[in-house]
Amino acid sequence: MKKLALLLVVFVAASSLALAGEIYGKILDGTAPVGEGATIEAKCGSKAYPAVKTDKSGSYHLVLAETGKCTMTVKFKQQAASLEIASYEDPVQYDLVLETKDGKLAARRK
C-alpha cells in the first residue's frame, strides 16, 4: 500500500512538471546585453512568480506552473517595463529589447 501511495505521489509530481511552461531568452538594452543587472518576473492570472536575475550575457530562465496568457515585468536601472506573453507546454523563447521612450522604460520582443 505504501508503494502505491508513493507511486501516486511521484506520478502527480511528474504530471505537474510536464504541464509547466518554460520561458527563456536574452534581454538587450538597445543592441547590447543588459548583463547581470536586470530582473524578470511573471504573473499568470492570480499566480505571481518571483523575479530571477539575468546572467552576464543578459539571459534568463523562468519555469511557470501553468500555460496561457501571462505578463512579464523586466526591472532594469530602477525602472520597470511589462509586456504580455503566452506560456505553452513546450519551452518558448522571448528575446527582449529595452528602450527608453519619453523617460520611461519600454520592452518589446526582438
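Reader: What does buried mean when the word is applied to Cys-44 and Cys-70?

Author: Buried means under 20% relative accessible area, and in this predicted model Cys-44 and Cys-70 are both buried in that sense.

Reader: What makes the pairing of Cys-44 with Cys-70 a disulfide?

Author: The cut-off asks for two cysteine sulfur atoms within 2.5 Å, and the sulfur atoms of Cys-44 and Cys-70 lie 2.0 Å apart, so the pair qualifies as a disulfide. By this rule the count comes to one disulfide. The pair links distant parts of the chain, with Cys-44 in strand β3 and Cys-70 in strand β6, 26 residues apart.

Reader: Why is the disulfide of Cys-44 and Cys-70 called right-handed?

Author: The disulfide is called right-handed because the torsion about its S-S bond is about 105°.

Reader: Why is Ile-85 called buried?

Author: Ile-85, which lies in strand β7, has 6% relative accessibility, and because this is under 20%, the residue counts as buried. Leaving aside neighbours within four places in sequence, Ile-85 is in contact with Ile-23, Gly-68, Lys-69, Cys-70, Met-72 and Tyr-94. Of these, Cys-70 is 15 residues away in sequence, while the C-alpha to C-alpha distance from Ile-85 is 5.3 Å.

Reader: Why does Ser-87 count as buried?

Author: Ser-87 is also placed in strand β7, and its relative accessibility of 2% falls under the 20% limit, so Ser-87 counts as buried. Not counting residues up to four places away in sequence, Ser-87 touches several others, among them Gly-21, Ile-23, Leu-64 and Cys-70.

Reader: What makes the approach of the Ser-87 side chain to the backbone oxygen of Glu-66 a polar contact?

Author: The distance limit for a polar contact is 3.5 Å, and the side chain of Ser-87 reaches the backbone oxygen of Glu-66 at 3.1 Å, so the distance is within that limit.

Notes:
Residues numbered from 1 in each chain as written. Predicted model: local features only at pLDDT ≥ 70, side-chain atom pairs only at ≥ 80, totals over all residues. Heavy atoms only, no water. Helix = DSSP H or I, 4+ residues; strand = E, 2+ residues; numbered from the N terminus. Buried < 20%, exposed > 50% of the residue type's maximum accessible area, 1.4 Å probe, protein only. Contact = heavy atoms within 4.5 Å. Polar contact = N/O pair within 3.5 Å; in protein donor to acceptor, adjacent residues only side chain to side chain.
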